[in-house]
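Let's take a walk through a protein model together. Keep the picture in view and look for each part as it comes up.

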Amino acid sequence: SRPQFKSWRSWLTTGDLYGADFCYRKLPEVLDPFDTAAFARNPMDFWCVATDIETARPVYHKLTTGKGNDVAWIRASASIPFFSRPVEIGGRFYWDGGISDSIPARFLLEKGYEKAVVILTQPAGYQKVPSRMQPLVDRALRKYPAVVDRLHRRFQEYNDSLAYIADQEAAGKLFVFRPSRAIDISAMEKDPRRLKAVYQVGVQDASRQLAAVKEFLKD
């Protein structure tokens with residue numbers, strides 16, 4: 001409920017609907033400190049994906065410290081066009097990785113992993129359709145033609161990713177978690193009760209599939 005977290009005032013004054021200083025500095029450094037030492041010790045690779053706003057191509061970054069430049073990449077990977085400013089890293093600017101690679105399962109398998117777990121946010125049978133807001137997006141982002149073009153194709157690329165995931169799932173290379181029902185919630189929801197209800201759907205669905213995912217990963 002804090003306006004520092006999300007507010008139209010923040011968007012009008014800073015260009016970020018979600019307050020960048022609050023979300024990426026005060027929250028992880030002061031209010032709920034992130035254990036960067038434990039993160040750095042963990043041998044698991046952690047990647048995030050952002051979209052270069054000039055080329056509209058995905059850029060994958062391996063996080064190693066959980067602070068500093070890594071936080072900038074995490075912020076970039078979650079910065080939605082129009083609602084967020086592009087994030088500058090190393091002289092280039094980035095937006096949300098969902099523009100160019102919404103479900104990066106192919107990236108993982110091409111990195112050489114033999115098995116991967118994919119967590120989807122839509123139930124079986126879902127297909128993305130063209131956005132009704134596209135004409136507005138075209139005008140708002142006209143300075144970024146590559147991004148606009150990619151957003152026009154995003155629904156088809158998303159559906160192509162779903163088809164690839166289904167093929168790899170059938171081949172035994174992916175284990176896929178899908179919600180058991182449609183998640184009736186806004187992408188920008190902040191009502192704690194609605195957020196908790198969606199969380200509980202995830203807990204219940206995962207609990208039902210826990211034995212199966214353990215079997216999938218056991219060797």
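This is a predicted model: local features need pLDDT of at least 70, side-chain atom pairs count only at pLDDT 80 or more; totals for chains, interfaces and linings use all residues.

Two strands count as paired if DSSP finds at least two bridges between them.

Strand 3, residues 87-89, runs antiparallel to strand 4, and 3 bridges join them. Here Glu88 has Phe93 of strand 4 as its bridge partner. Strand 3 and strand 4 form a hairpin with 2 residues between the strands, and in this hairpin Gly90 takes a positive phi near 60 degrees.

Now move on to the inside of the protein. Which elements give two or more residues to the largest nonpolar core? That core has 12 residues, including Ile103, Leu120 and Tyr158. Two or more residues each come from helix 5 (105-110), strand 5, helix 7 (145-170) and strand 6. Helix 7 supplies the largest share, with 4 residues.

Leaving aside neighbours within four places in sequence, Leu174 is in contact with Ala105, Leu109, Ala116, Val118, Ile165, Gln168, Glu169 and Phe216.

Phe216 leads us to helix 8, where Phe216 is one of the buried residues, together with Val201, Asp205 and Val213. The buried residues of helix 8 pack against strand 5 (116-119) and strand 6 (174-177). Follow helix 8 along residues 192-217 and you will come to a bend of about 55 degrees at Gln209. What caps the N-terminal end of helix 8? The cap is Asp191, with a side-chain oxygen 2.9 Å from the backbone nitrogen of Arg193.

For a last stop, go to the loop between helix 5 and strand 5, where you will find Lys111. Why is Lys111 called partly exposed? Its relative accessible area is 45%, and partly exposed covers the range between buried, under 20%, and exposed, over 50%. From Lys111, look across to Gln204: the two are 93 residues apart in sequence, and their C-alpha atoms are 31 Å apart in space.

Terms used:
Residues are numbered from 1 along each chain as its sequence is written. Side-chain values use heavy atoms; hydrogens and water are left out. The bend at a residue is the angle between axes fitted to the seven residues ending there and the seven starting there. Buried means under 20% relative accessible area, exposed over 50%, partly exposed in between (1.4 Å probe, protein chains only). Contact means heavy atoms within 4.5 Å. A polar contact is a pair of N or O atoms within 3.5 Å; within protein, one must be able to donate a hydrogen and the other to accept it, and residues adjacent in sequence count only if both atoms are side-chain atoms. A nonpolar core is a set of buried Ala, Val, Leu, Ile, Met, Phe, Trp, Tyr and Cys residues joined through side-chain atoms within 4.5 Å.
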